[in-house]
Structures are given as C-alpha cells and as structure tokens.
Amino acid sequence: TIEFVRATQLQGDTEPSAPPAPTQAQQKESIQVVRRSLPVFPFREELLAAIANHQVLIIEGETGSGKTTQIPQYLFEEGYTKKGAKIACTQPRRVAAMSVAARVAREMGVKLGNEVGYSIRFEDCTSERTVLRYMTDGMLLREFLSEPDLASYSVVMVDEAHERTLHTDILFGLIKDVARFRPELKVLVASATLDTARFSTFFDDAPVFRIPGRRFPVDIFYTKAPEADYLEACVVSVLQIHVTQPPGDILVFLTGQEEIETACEMLQDRCRRLGSKIRELLVLPIYANLPSDMQARIFQPTPPGARKVVVATNIAETSLTIEGIIYVLDPGFCKLKSYNPRTGMESLTVTPCSKASASQRAGRAGRVAAGKCFRLYTAWAYQHELEETTVPEIQRTSLGNVVLLLKSLGIHDLMHFDFLDPPPYETLLLALEQLYALGALNHLGELTTSGRKMAELPVDPMLSKMILASEKYSCSEEILTVAAMLSVNNSIFYRPKDKVVHADNARVNFFLPGGDHLVLLNVYTQWAESGYSSQWCYENFVQFRSMRRARDVREQLEGLLERVEVGLSSCQGDYIRVRKAITAGYFYHTARLTRSGYRTVKQQQTVFIHPNSSLFEEQPRWLLYHELVLTTKEFMRQVLEIESSWLLEVAPHYYKAKELEDPHAKKMPRKVGKTREELG
Ligand code: ADP
Ligand code: MG
C-alpha cells in the first residue's frame with residue numbers, strides 16, 4: 001500500500017453536501033436537458049449580446065462548463081452561419097477536435113461531416129455543407145495559405161487558449177491582424193481559468209466574459225514519501241482506491257501512449273488475478289492516436305456496481321471532460337518538448353508538470369460531487385519542485401515549420417511579428433539558417449520556388465525536402481511510403497507482454513541492410529502485397545490501425561505530388577537512391593561514430609542509437625536520424641546508414657569536405673557500446 005496524507009483542499013463554490021450534479025446516465029430524458037444543465041446555459045443571451053457588441057471577446061470558464069460544445073452551437077442558432085459563412089473552433093489536440101465534433105453533431109442531430117465536421121492533419125471530415133468546423137490550431141493556420149483573410153469565416157474561436165501551443169500563439173498574431181481589416185469578423189478566445197488577462201491585453205484590452213463554474217471541493221492528498229517507480233505506484237493506488245473508496249470513477253494522468261498501455265495492462269492483469277475478490281474495474285485508455293471507436297468508450301456511462309478508471313494523457317486535463325470522475329490520481333509528470341537553439345536539438349522529455357497543471361488535474365475530481373485528488377509526490381515536492389506555469393511552446397520548440405509558413409504568407413519581418421510571447425532570438429535565427437540550408441530561402445531570406453513547394457506539403461520542412469528530392473533520385477513511390485510511415489512512427493510494431501520473444505523476432509525479420517527507414521518501407525511493401533490485410537498484420541505483430549493510417553497519409557501526400565511538381569517513380573530496388581533522397585532532407589540530423597561513441601556531425605553532441613533500431617548492433621560509421629528522444633540518454637530514433645560523400649552531394653553549401661574526413665578511420669573499433677543482450 002501507499003500512504004497518503006491529506007494536506008489541502010481545492011475550494012469549491014458548491015456545498016459538499018449539495019446533491020451531486022446529474023450525470024448523463026441519469027439524464028436519459030433528452031440531450032437537450034443535458035445541454036440546458038451546463039453552466040454556460042444561463043449565460044446564453046448575455047454571452048450572445050457580448051459577442052454582438054464586441055469584435056474580440058475573451059471567454060473564461062471552468063473546464064466542462066460547455067465552452068467548446070455549446071458556444072459554436074449558440075452562434076449557429078443565432079444565425080452566424082447564414083449564407084454559408086463558417087464558424088471555426090480550434091483545438092490544440094486532434095483527439096479533442098474529433099471527439100467534440102462528434103458530440104456536437106449528436107447534440108444537433110446531424111451526421112458528422114454534414115453541418116458539423118472536423119479537420120485535422122491528414123483527415124478531413126467536412127463537406128460543402130459544414131458550417132461548424134472543429135479543427136486543430138495547425139489546420140486553421142494552414143487555412144491562411146489558401147484564404148489569408150479567412151473570408152469564408154464569420155467567427156473564429158481559438159479554444160483552449162491557455163494551452164499556449166505554438167500554433168495557437170501564431171494564430172493570435174495572424175487573427176489580430178485580420179480582425180483589423182475585417183470588422184465584421186468575430187474573434188473569441190476561450191480559455192480555462194488561467195491567463196485571461198494576458199489575452200485581453202494582447203487584443204487591445206478586449207473584454208473578458210466569465211462563466212462561473214460549478215465546482216465541488218476536492219481534498220488533496222500527497223504521498224508521505226517520494227515514490228521511485230510512479231507507474232507501479234499508480235497501479236497500486238488505483239487498486240487501493242478501488243477497494244477502499246466509495247463509488248465514483250477514477251482518472252489517472254500519465255505522459256504518453258506507451259506508458260498508458262503498460263499501466264492498463266498491469267491493471268487488467270492484477271484485476272484478473274484478484275478475480276471475484278474485487279468489484280469490476282473497467283480500464284480505459286485515452287491518448288492522441290487512440291482510434292475513434294475506442295475514444296468513444298471513455299464517455300459511456302459506467303454500469304451499476306462497476307467502477308471505471310480512465311488512464312489519460314494531458315488531454316483530459318482541460319480538453320475533454322469525462323462525466324462521473326470523483327478520484328484523480330496525479331503522478332505529476334507530463335511529456336514536454338524542449339529545444340536547444342545552440343545545438344538545434346529538439347527532444348521530448350518527461351518532466352514534472354506545473355502547479356497550474358496540477359491544479360487543473362485536481363479540479364477534474366470536483367465536477368459532479370465532492371472529490372479527492374491523490375498526488376503521487378510529497379507536499380514538499382509540490383512546493384519546491386514544480387514550476388508555477390508551463391513555458392509556452394513557442395519558447396521550447398524549433399520554428400522551421402512556422403517560419404516557412406509565415407514567409408509563405410508574405411510576413412518577412414519575423415523579428416517584429418506580433419507575438420504574445422516572443423520566441424528566443426537564437427531559435428528564430430536558427431530556423432532561418434536551416435531553411436536557407438534546405439534551399440527554402442535565398443540569402444536575402446526570401447522564399448524560393450522550392451520553399452514555396454515545401455510550404456504546400458503539410459509536413460516538417462525536412463520531410464518536405466526529402467519528398468521534393470525524390471524527384472531527382474526517381475524514387476517518389478518509396479519516399480512517400482517512408483514519409484507516411486515516419487508520421488505514424490513508434491506505433492507500428494505491436495509487442496504484447498506475454499509474447500515479447502515472438503514479437504521481437506517478427507520485427508527483426510523485417511530488418512534490411514541500410515537502416516530503419518528501409519525497415520519501415522519493407523513493412524509497408526509487404527503489407528501492401530498482402531492486399532492490406534489485417535490478418536497479415538496480426539501474424540507479423542504489426543499494428544493494423546497504424547498501417548491503415550499510414551496508408552491514408554500516403555494517399556494524401558500522393559495527391560499533393562502534382563502541385564509540388566514531383567512525378568511518380570520507383571527506384572526498382574536501388575535503395576541507395578532512396579537513402580540519398582532521405583539524406584537530402586535530413587542532412588541536419590547526422591552523427592558519426594568516434595572513438596567515444598556517436599557524436600552529431602556539426603555540434604559534436606553525444607548521442608546514442610535507440611536499442612530498438614535495426615542498426616543498434618551494426619554501429620555504422622555515418623548515419624542520420626529522424627528524431628532524438630531524451631529518456632535516460634539522448635537516443636536517436638529511426639536511424640539510417642549513410643556515406644559521408646552523400647552529404648557533399650546533397651548539401652555542398654552546408655558541409656565542407658574537410659569536416660567529413662575521418663582521421664581515425666583505420667583505428668576504429670568494430671563495436672562501441674553494449675549489445676542488445678548486454679543491455680537486457
Ligand atoms: P468546456 O469546453 O467548457 O471544457 P465542453 O463543452 O467540452 O466544456 O463540455 C461540456 C459537457 O459536454 C461536459 O459535461 C462533457 O462531459 C460533455 N461532453 C463533451 N464531449 C462529450 C462526448 N464525446 N460524449 C459525452 N459527453 C461529452
Ligand atoms: Mg473545451
């Protein structure tokens with residue numbers, strides 16, 4: 001057992017003894033009753049009046065009060081979509097965009113994709129008729145490319161503004177500008193109860209409309225001592241809550257898909273072993289790549305007598321509200337991107353969440369009745385180890401993508417762009433430098449023809465460059481597959497706990513000399529030859545859903561080839577051409593083997609091949625990587641063996657022959673580092 005101590009209470013505005021708010025299970029009558037029970041409903045008229053009277057309105061309301069699902073509907077009912085005008089509502093996360101659109105379509109009694117739809121990268125569920133468009137913030141950003149004044153929209157609602165994602169932040173600057181010369185455009189900035197004064201100031205002191213929440217008090221507990229293994233601690237605590245606490249569902253916050261799947265397996269495993277000694281516990285995951293039928297399950301009411309535990313990423317912090325949660329379990333971590341502009345290295349790291357996040361998470365327990373939040377860290381750690389708020393993404397990410405987009409929109413002076421919080425100067429500079437090296441900008445910082453094409457493709461600049469280069473090396477068929485597989489990255493292979501050996505063997509069977517990109521190509525090609533069969537996936541421990549997604553992405557990219565003037569062609573088995581095309585995009589991400597292991601070529605950073613890579617034991621002298629992931633070390637994920645001479649061929653302006661010489665060539669040990677077996 002884990003010992004918790006009660007420390008503080010998150011104040012509510014509702015008496016703990018008040019009858020619990022009606023849950024959807026009890027509200028079978030009609031969906032309209034549910035709509036009218038939401039905290040935003042009593043403010044409907046007042047809100048619509050405020051929107052009519054002001055061009056820009058900041059809307060602040062507790063999570064779950066109905067901002068995302070109701071406000072666009074009110075606007076629809078009020079006639080803001082007359083004459084086919086559209087309403088956009090942005091979400092930082094794809095899952096949220098899909099899920100709320102589905103919910104709103106159901107509330108309006110229409111088919112998803114008709115009046116209500118969603119649009120996320122590589123997936124467009126909208127039609128000519130769609131007037132309520134839920135979309136990721138990145139998609140609205142791309143809308144500016146085809147419609148710089150957003151003329152077909154009457155209202156733009158930037159939702160979840162407090163998340164401060166890179167795309168949301170850039171949207172602020174662009175929308176503020178559009179609003180100036182389109183006085184009839186309505187701009188709504190919706191946010192959880194955080195940071196709203198900042199938004200108001202940014203939008204020339206726009207008024208803030210507050211929707212009072214309905215919040216029951218939440219008792220907060222901390223562990224007595226720090227927990228070494230928080231995943232194990234989570235599983236133990238969930239079971240502890242399940243056997244000792246009165247009814248009510250549990251929400252657990254973890255950092256990502258892998259962790260969530262592991263935790264769910266562990267929980268199911270232990271429940272099975274306890275058998276009928278405990279009541280039924282439904283274990284449900286929710287994360288970004290979860291297929292939509294599985295997503296829908298978390299919203300289904302818990303059957304009487306059972307208890308539900310939802311194991312979620314940050315998505316459940318403010319984007320999605322699950323009814324019936326009484327207990328929150330918070331290990332206090334999240335996965336954050338970080339970027340070092342000095343080295344140009346971007347990595348994903350599991351870091352302690354902020355106090356603001358911790359408080360939002362705790363708040364999720366007090367929506368239907370008084371709740372409890374169990375924090376898997378000590379009160380001391382809360383006080384001393386958590387930052388107040390999360391640093392906005394714009395200050396901890398690379399900006400290549402966004403700079404390319406802004407340049408395509410004709411915004412040249414990026415140093416003076418209207419940023420809510422400006423990115424670090426070095427990051428901006430490095431993005432310009434990288435785009436220059438990729439040939440997207442000329443020496444004056446102007447967009448080149450190639451840069452314009454790169455901006456057309458909805459992928460990162462390096463990936464677009466790789467696709468463009470496939471024309472020169474006549475291998476676009478293969479490169480499209482590689483690009484599609486890279487974008488569903490890390491969820492291709494299935495590795496169930498009880499069949500680890502079989503799964504690993506199956507994976508090794510796909511290995512091809514050259515590296516992981518070719519392995520991905522091999523998996524896809526064999527799958528295509530099987531007739532895109534799910535049985536084939538099952539037999540080869542490959543995730544069917546990920547493959548299906550790769551196929552979708554591939555089709556979409558293929559559809560864009562003509563616009564960027566790349567013809568379809570195949571390398572006919574000459575993989576050197578494929579590898580060169582990849583190098584043409586990723587020459588920035590290269591490493592060489594030195595006597596002390598791998599170092600990145602330009603910055604001389606120490607990096608390691610990920611143990612899952614097909615090249616883990618090969619240890620080639622020169623390689624490129626798709627991405628870096630910082631866990632215990634800086635691991636390179638998806639690596640490809642290259643020859644140093646290729647770097648001169650594809651990026652002569654970036655590499656000099658001198659720096660690619662290998663002084664220790666003869667003295668190289670054959671292997672550096674430990675083998676897979678030695679690592680266990
Ligand atoms: P906010 O944006 O203010 O956080 P929402 O509009 O997302 O609030 O949520 C309002 C209500 O709609 C919540 O009670 C939530 O549980 C419910 N809801 C949202 N999406 C779904 C869904 N897919 N299924 C069932 N209920 C949902
Ligand atoms: Mg919302």
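This is a predicted model: local features need pLDDT of at least 70, side-chain atom pairs count only at pLDDT 80 or more; totals for chains, interfaces and linings use all residues.

Residues are numbered from 1 along each chain as its sequence is written, chains are lettered from A and ligands numbered from 1 in the order in which they are written, and side-chain values use heavy atoms, with hydrogens and water left out.

The average pLDDT (the predictor's confidence in each residue, from 0 to 100) is 91 for the protein, and 95% of the residues score at least 70. The model has an ipTM of 0.98 and a pTM of 0.87.

Now the first pair, with helices taken as DSSP runs (H or I, at least four residues), numbered from the N terminus. Helix H5, residues 137–146, packs against helix H6, residues 166–181, at about 40°, the axes being 9 Å apart; axes are lines fitted to C-alpha atoms over the stretch in contact, and angles run from 0 to 180 degrees between N-to-C directions. H5 is therefore oblique to H6, since angles under 35 degrees count as roughly parallel, over 145 as roughly antiparallel, 65 to 115 as roughly perpendicular and the rest as oblique.

In the second pair, the axes of helix H18, residues 476–486, and helix H20, residues 516–529, come within 9 Å and cross at roughly 100°, which means that H18 is roughly perpendicular to H20. Contact, meaning heavy atoms within 4.5 Å, involves residues including Met485 of H18 and Tyr524 of H20.

Key
Helices (H or I, at least four residues) and strands (E, at least two) are DSSP runs, numbered from the N terminus.
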